[in-house]
Amino acid sequence: MKKKLLLALALAASFAAQSQTLRIGLAEDPDVLDPTLARSFVGRIVFSALCDKLFDIDEKLNPVPQLATSFQWAADNKSMTIKLRSGVTFHDGEKFDANAVKFNIERHKSLAGSNRRGELAPVTTVDVIDEFTARINLSAPFSPLLTVLADRAGMMVSPKAAQANPTAFGSKPVCSGPFKFAERVAQDRIVLERFPNYWNKANIHFDKVIYLPIVDATVRLANLRSGQLDLIERVAPSDVASIKKDSKLSMSRITELGYQGITINTRKGDGSNPLAQDRRVREAFELSLDRAGIVQVAMDGEATAGNQWVPPTNQFYAKNVPIPKRDVARAKALLKEAGIPNPTFTLMTPTTSDGQRVAQVVQAMAKEAGFNVKIQSTEFATSLNLADKGQFDAYVLAWSGRADPDGNLFSFYGCKQPLNYSGECRPLWDDLLNRSRNTLDTSGRIKVFATLAAEAAQEIPIVYLYHRNWLWAHNKKLTGLRTIPDGLVRVQGVKM
Amino acid sequence: MLNYFLKRLAALVPTVFFVTLIIFGLQQLLPGDAALILAGEEQDPEVIAYLQKKMHLDEPLPVRYAYWIGGVLQGDLGESLRIQEPVLGLIKDKLPVTLQLAGMAMVIALLVGIPAGIVSAVGKDTAWDYVANMVALWGLSTPNFWLGILLILLFSVSLGWLPASGYVSPFEDLWGNLAAMIMPAFVLGNGIAAVLMRHTRSAMLQVLSADYVRTARAKGLGERTVVLKHGLRNAMTPIITLGALEFGTLLSGAVLTEQVFSIPGFGKLIVDAVFNRDYAVIQGVVLFTSSVYILLNLMADMAYFLVNPRLRG
């Protein structure tokens, strides 16, 4: 009798373990679930359970193998040979091999509307060496390649499924990750089911993952507290104190790869923007700001103050350009020197709550140095349009960040690059950016970035303010969460 | 009556046509470039050019309108560029949710608003009247998002009786569905009940002081018959108009309430589409909801005939 009871209990326990569902609250509804077309940060969270990549990154931002097992740069650094994992299948049962790698990279480069084309611009062709070896050929050495392949450009979809459904693949994506796509109800839920043939299935402890977009941070937290969710991303910094007091909940925090900054329109030479007239005005503006104070007031302390495109803890942070201390007297002196003691300019900010708080704090701080900052709160799509047309003085703009500093830099500082809203166009900077791409060794790249940081600190096209913390709150019973700076929730190894 | 009905029905065609012009025209006033926002963070110029071409943003306005209206006439409302789903499919997904939420909110509003209005009118200047007026004032002045969050904190976080947010199909789990919908329906119904109560009260007060009501009382009819048969029936016309308008508004999506309770209805769909400049979704959903609104108005006009025999002549 006792044995039967134990057996029944064991069966019940194993059933419960097998039918577990992980419910994750997202801050937004993801966009299209096709790695080639996808654009949003939040979509990358879903992809991390749905689509495996050639590489992943670890806590220290080092590339680690995922679908690849090893890589080898050619002697001239103009190609990389990648050995692939054998025994991997896509969710539709198709085999993953070097042909699939070739198909995917070519799809990323050629599909109409692809958002990966820019990231893979230096890639020219892909050769299939043998069943599990592929070679990626480049037009020039490209050091960020590994981290690019550790993001959406390295995600592999089933060639058969992508060819069968070329126009709407994103509504039924077929990849090779630990979970396969089950259903999506727009703005309500995305349901993924465990993929039984996953190559690393021993590391997967849930049967289903359900992503629920809940825009309001308070409601997201209420759902976690009431037990309807197991984990929520992007907790509001103001809720951290109450979560800490809750015995059922835990918190995780990671400094992001991106930044919050103020982009200055340096090309507005019509005299209407004092920041564009003289670099000393920009320096005075920067010196009027107390970054630690901004972090405290705008982010409740949930960010790391910074003055570069990577956080001070990053190995590529240029130590020769430390965070300048607030110096109102020096700022006033600089303005006097420049002959503009009371510059007036408009600070455009998207209507996000942290953007607006930043603008208000900056306005108050800069006023003490003599600046008259007018805040222009503009809905994001409109602000982007104004920035694109160069119709702004200064713009509070955040960037979600990439694992390699190149992703935070090239498009912002390169001459005529799409995100170069400041309008700075300097051949030396282009040269430094290209050198950072062509140099493969870390110490060499650190030197290049140090030179660029010193240059940027002189011209100040962007005043970097801080690097936000990714804040997650979750059920205390949830273990195995990895805090990787890209802010993506990796389901491998997570248990309840 | 049939003649009137057919005339009204025929008038629908030009009305809907003008609505399409207004929807398309107003959308052009939205600031910002749709291709820029849909291109995402990277702002790849090739992607922007591709999106501009796909959305016909490089064509003159009349050509773009022709593309859209041509599709609409063939039953194709276009595709959401943000999530790669046909707009018609999105409407089909959201319609039952929005209909149920609007229906439940309306039932709550009618069950509370009309009886409260009658009681308040019949017992004018009594304690009942004051209480009903105070409750109505509370209903009118309570912001939906605030009430919603308070209800979530009470019934979901503290008491654990109801789910905090989300939607379950009634075909999957009827009780789960009702549990998920009751709070948002109450929040929505609350404000409308207050409006209905105020209108019912003033319409009833007017009717109850009419000569025929005095006559009805004089010939010895019971108070119940006087109030319900002679009073309420005549007071119903403005209430029906108002009810239809409120129901139409609910069908176009309860933006804040859907956001707070994460109800995947038209409100959330349209807000996301506006912020992401997903033009096909905005146009499709607004066209659909405004057509429903026009139909509801027609139905309200028809309902006057049923309650008011004088109009049938």
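**Helix α13 of chain A and its setting**

Tutor: Where pLDDT is low, predicted coordinates should not be read in detail. This is a predicted model: local features need pLDDT of at least 70, side-chain atom pairs count only at pLDDT 80 or more, and totals for chains, interfaces and linings use all residues. Residues are numbered from 1 along each chain as its sequence is written, while chains are lettered from A and ligands numbered from 1 in the order written.

Chain A first. It has 16 helices and 18 strands, which are DSSP runs (H or I, at least four residues; E, at least two) numbered from the N terminus. Of its 496 residues, 53% are buried, that is, with 20 or more other C-beta atoms within 10 Å of their own. In chain A, residues 24 or more positions apart supply 68% of the contacts with a separation of 6 or more. Its C-alpha atoms fill a box of roughly 90 × 55 × 40 Å along the principal axes.

Now the helix. The buried residues of α13(A) are A:A381, A:S383, A:L384, A:N385 and A:A387. Within chain A they pack against β15 (344-350), β16 (372-378) and β17 (394-399). From chain B, α2 (34-38) and α12 join that packing. After α13(A) comes A:G390, with a positive phi near 75°.

The chain contact takes 36 residues from chain A and 42 residues from chain B. On the chain A side, α6 (217-225) and α13 (380-389) are the elements that give two or more residues.

Follow α12(B) one step further. Helix α12 (residues 266-275) of chain B packs with helix α13 (residues 279-307) of chain B at about 145°, axes 9 Å apart. Axes are fitted to C-alpha atoms over the stretch in contact, and angles run from 0 to 180 degrees between N-to-C directions. From α12(B), the contact uses B:F266, B:L269, B:I270, B:A273 and B:V274. From α13(B) come B:V281, B:I282, B:V285 and B:T289.

Conventions: Contact = placed C-beta atoms within 7 Å. Buried ≥ 20, exposed ≤ 12 C-beta atoms within 10 Å, placed from the backbone.
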